[in-house]
Amino acid sequence: MNNNMMLGVIDATTYMEAMAPLVEQRSIAAVPFAGRYRLIDFVLSSMVNSGIESVAIFPKYQYRSLMDHLGSGKNWDLNRKRDGLFFFPSPDLLFSGERRVGAFAHFEQHIDYFLRSRQKYAVIVNSYTVCNIDFDAVLERHIERGCDVTRICHRGEPLEMYVLETSLLLDFIANYKNRGYRSIVDVVCDNCHSLSICDYEYSGYAAVIDSLARYFRASMELLDRSVWEQLFLPSRPIYTKVKDEPPTKYRREGNVKRSMIANGCVIEGTVENSVLFRSVKIGKGAVVKNSIVMQKCQIGDGCVLDGVIVDKDAKIEPGVVLQGTAERPFVVRKGTVQGEVVSR
């Protein structure tokens, strides 16, 4: 199979209300995950590992942090003279506050990218599914079966990832208004066309992050070794923005059990069944259980956190107790100071 036959398209136009407040200052594609990654890293790395050399990202909301994370695409080997990483923010006409403007309208505003592409096929994916998919294998099955559109599924549920010919995608973009299609999802759900829609069952680990509860559950699942080994494959690495941090310091009083700890942390308290991102400080006597603490957060001495998501650069003052649940995790907003005892 010629690996340069596919064009990568990441639809990052979705606004996920159920992910608030994590998406108040960033797009869902840029939500931190697994200690050092962003959600978009997983589908983007899957594309790169599948030999895709031209990837277009179409963001719509709060995409500054996403642009900062991706940069020129160097960390994914996409800073190329030919093809590479393309970033197409929404034109002003799509910022009317109407959140139901679909991906095809966004694609139409950048139609030259598709018209100039050399690749015969396109793979369209969302930006919030955690997985490690071999798209080359999907394309091979797509061609063998003679499908018009191949829909990738996991345990019978669609992952909103599709493979089709670029010429067919161009036809959808050109005629989406007349047909009432907002995105490729509308196409495959329409029973009035004569297209051949095939399903490809992906057997690896996958998690669709479309709510706080699912984000929390997927984060906790990563603490299971079998899940980690399905997602982080040596032959298909997950790439991300490189940051140099010193090793984590475990003080004498520190105690860590069944947790994921990124570089640069300082741990003087107890961490159990939790995910800590880079440069997190856990104070003396603090207890962090069943929680997610993002980059550069400070957890004060004597704090107790259970079922909590602490967003980036937040500070929990000494002695504060925060209690949430797996279905309703308590969220400390990015850059804020939490000084009250809260439980659910």
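Leu305 has Leu322 of β25 as its bridge partner. The model is a predicted one, in which local features require pLDDT of at least 70 and side-chain atom pairs pLDDT 80 or more, while totals for chains, interfaces and linings use all residues. Residues are numbered from 1 along each chain as its sequence is written, and side-chain values use heavy atoms, with hydrogens and water left out.

The bridge of Leu305 and Leu322 belongs to the pairing of β22 (residues 304–306) with β25, which is parallel and spans three bridges. Pairing requires at least two bridges found by DSSP between two strands; strands are DSSP runs of E of at least two residues and helices runs of H or I of at least four, numbered from the N terminus. The open sheet holds five strands with parallel pairing, in the order β13-β16-β19-β22-β25. Because β13 (255–257) and β25 (321–323) are the edge strands, each with a single partner, one side of each lacks a neighbour in the sheet. From one strand to the next the twist averages 5 degrees (axes are lines fitted to C-alpha atoms, and angles run from 0 to 180 degrees between N-to-C directions).

The largest pocket contains about 580 Å³ of space. A pocket is an open set of points on a 1 Å grid over the protein atoms alone, where a 1.4 Å probe fits, with protein on both sides within 12 Å along at least five of seven lines; lining residues have an atom within 4 Å of a point. The volume is the space filled by probe spheres set on the points, which are joined across faces, edges and corners. There are 23 lining residues, of which His154, Ala206, Ala207, Val208 and Arg214 are the closest to the centre of the pocket. Two or more lining residues come from each of β9 (157–165), β11 (207–208), α8 (212–221) and α9 (225–231).

One disulfide is found in the whole structure, a disulfide being a pair of cysteine sulfur atoms within 2.5 Å. The sulfur atoms of Cys147 and Cys198 are 2.0 Å apart in this link, which is left-handed, with -100 degrees about the S-S bond. Cys147 lies in the loop between α5 (135–145) and β8 (149–154), and Cys198 in strand β10 (residues 197–201), 51 residues apart. Both cysteines are buried, that is, under 20% relative accessible area with a 1.4 Å probe and protein chains only. Cys153 takes part in no disulfide, the nearest cysteine sulfur being that of Cys189 at 11 Å; Cys153 is buried, at 4% relative accessibility.

Key:
Buried means under 20% relative accessible area, exposed over 50%, partly exposed in between (1.4 Å probe, protein chains only).
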